[in-house]
Amino acid sequence: MLGDTAIAVHPDDARYSHLHGKFAIHPFNGRKFPIVCDAVLVDMNFGTGAVKITPAHDPNDFEVGKRHNLEFINIFTDDGKINSNGGAEFAGMPRFEARVALTEALKKKGLYKGDKNNEMRLGICSRSNDVVEPLIKPQWYVNCKNMAREALDAVIDSTNPKMEIIPKQYVAEWKRWLENIRDWCISRQLWWGHRVPAWYAVLKDDELKELGVYNDHWVVARNEEEAKEKASRIFAGKTFDLYQDPDVLDTWFSSGLFPLSVLGWPDDTKDLRAFYSTSVLETGHDILFFWVARMVMLGMKLGGDVPFGKVYLHPMIRDAHGRKMSKSLGNVIDPLEVINGIELKGLHKRLEEGNLDQKELETAKEGQTKDFPDGIPECGSDALRFALVSYTAQSDKINLDIQRVVGYRQWCNKLWNAIRFAMTKLGEDYIPPEEIIPATLPFSCKWILSALNKAISKTVVSLDSYEFSDAATAVYSWWQFQLCDVFIEVIKPYFAGNDPAYASERKHAQDTLWLCLDNGLRLLHPFMPFVTEELWQRLPSKKDSVRKESIVISEYPSAVESWNNDVVELEMDMIESVVKSLRSLRSQLAPNERYERRAAFVVCRTDDACHIIKKHELEVSTLATLSSLDVLSEKDDAPVGCILDVVNESLSTFLKLKGIVNVEAELEKLNKKMEELQKQCDGLKKKRSAPSYQEKVPVHIREVDEAKLASLLQELLSFKEAREHLERENRET
């Protein structure tokens, strides 16, 4: 009440229409203030319909004060006591004592008419549980209009863009913020920070002595000495005391100077001239405006150019359920706890050492017990790093599941074991060759180098375009599915004993294996720096060559044109499809029979397929763990006593059984697959028979559809032949 500067009524309230434009007198300080009409704030049906207005201490009243040009009078000191604006009778009183005293003073004056309880919104401090008291204070602002325009043009200027935001979806957010820029309040009432470089002059003859009462008493300077010089000129002949503003600069203002200050600005240093502006900033998308935009605005204003050419915005990490991490929920994941591991009681202890109240503590512990009943296992930094990189494909949020990190930790172990196994095949005296000629290599070696080349190209292109998840997937897929699952397995026969028939293949396999490990570890290094460094250091070096001291400073792999071999890759695709089919048949056996070597047959319906499978019987037998493999043509009698699978329109596989084939079960499987194929055929036929198909669908699409339909029909025919074979075998038995 002591800071009231008006009374507001509704313009349509007939009870007060005779008071429009009149004034009231404050009962304690005699201040004359207007009676204003405000339909936005006042509800004429609530209470008396007349509302006292305290613009300096209420957000709604603040807006009324701006609408009606009212006086803003602050009656509180920073420690919650009444200041001199509240009048001598109440000055120095704590705020709650002053409210009681003011009520008693009204009663003494005969002005107290009673009270009535009403619901209201009351702000409470989450830390201290004190009632929050709004008040206005002198604040320093930065006019951002021109700077925002320059920062906006730096990104959206189609003719000369100075900065790129990645992913591009955030350009719209950049525009939204900077096109609707407001003056930036840079004053903060905090203990820590860069102190505002402004001094307030309290003149000896000032009526009010509080800091900031008179706006024209401020002096902005680089230091106190300069401030005194300026104040002496402004207040010449007057006695004054200078007090520096106790506020500090907004954290975002201080950090907005980061690209400049780390290079020595405002001094004209060598580092500033050499390295400003920088190339890439990586940060979270949630502070695109609060930090990135401020750095760009201040960098262009004070440094003369954008502080960086590209901005990469990573997703925000949430828990496995998609919830924002919160101390009160107990779902905050400390990276160090993932790296080093922690028991559940350790997680609880961390909560207990915080500042949660008892209810929040219990809720947080329940959350931790539910999500991490056994604590968090030790995962290591490589696994965590790889998991986070892999997650970057998840739009703007990462729902971090610790089990996925655990999976990558286990993959690190597999990587370690695979390389340890590979090193045994190289031998202690192995020396890598100076050069490898792909044309002289065995089939499997040609294939793995071609696959490695593709992985290198995909990884480099993805890294250059900031598609980190795609890069991680390319590296992982090559290591897991091509090197470990196929190549290391398929070359094992070369090292089974010292068969002289395989002497040449064995040496080529060693050289290729070393080349794969060297390139593969360097390719993986940015994603898993520690395990790759350790393993790379163990690799043998070329003769008379000086290897880099660390993998981190070695050259990153680049594609080698001579390694590409599309013909070999197509042949390996056929081999892998046959192996996959045979493994699928093996999985249908009883558990105690699945690991026995068995005879298998491949029926080929084309000469090309027959030629390729016959040429690579060793690879198929090795990868499918067969005792023997016979390659048959359509003219040959189909094998009996086998379970079968149709690979595609050109190939079918048969796996020999010990007992009698369950024909009914096999027929049921074939019928299900035939039904699915028939649906695909019918859908494609329907698409091609549409009236506008020939006119609207491009020629190349029509050609693809035609080839696909022919392939499906041929595959369907193969299934029918397989079904007839089973039915015939069933009749004969």
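Modeller: Leaving aside neighbours within four places in sequence, Glu-378 is in contact with Val-338, Ile-339, Asn-340, Gly-341 and Arg-409, where contact means heavy atoms within 4.5 Å. A quick word on the source: this is a predicted model, so local features need pLDDT of at least 70 and side-chain atom pairs count only at pLDDT 80 or more, while totals for chains, interfaces and linings use all residues. Residues are numbered from 1 along each chain as its sequence is written, and side-chain values use heavy atoms, with hydrogens and water left out.

Back to Glu-378: you'll find that residue in the loop between α12 (358-371) and α13 (380-391); helices here are DSSP runs of H or I with at least four residues, numbered from the N terminus. Glu-378 counts as exposed because its relative accessibility is 53% (exposed is over 50%, buried under 20%, partly exposed in between, with a 1.4 Å probe and protein chains only). Ile-491 is 113 residues from Glu-378 in sequence, and the C-alpha to C-alpha separation is 34 Å.

Now for the rings. One aromatic cluster is made up of Phe-386, Tyr-408, Trp-411, Tyr-476, Phe-481 and Phe-527. Across the whole structure, a search finds 23 aromatic pairs. Among them, Tyr-476 and Phe-481 pair edge-to-face, at 6.0 Å centre to centre with 80° between the planes. To pair, rings of Phe, Tyr and Trp (its six-membered ring) need centres within 6.5 Å; planes under 30 degrees apart are stacked, over 60 edge-to-face, and the rest tilted. Tyr-476 is partly exposed at 22% relative accessibility, and Phe-481 is partly exposed too, at 44%.

How values were computed
Helix = DSSP H or I, 4+ residues; strand = E, 2+ residues; numbered from the N terminus.
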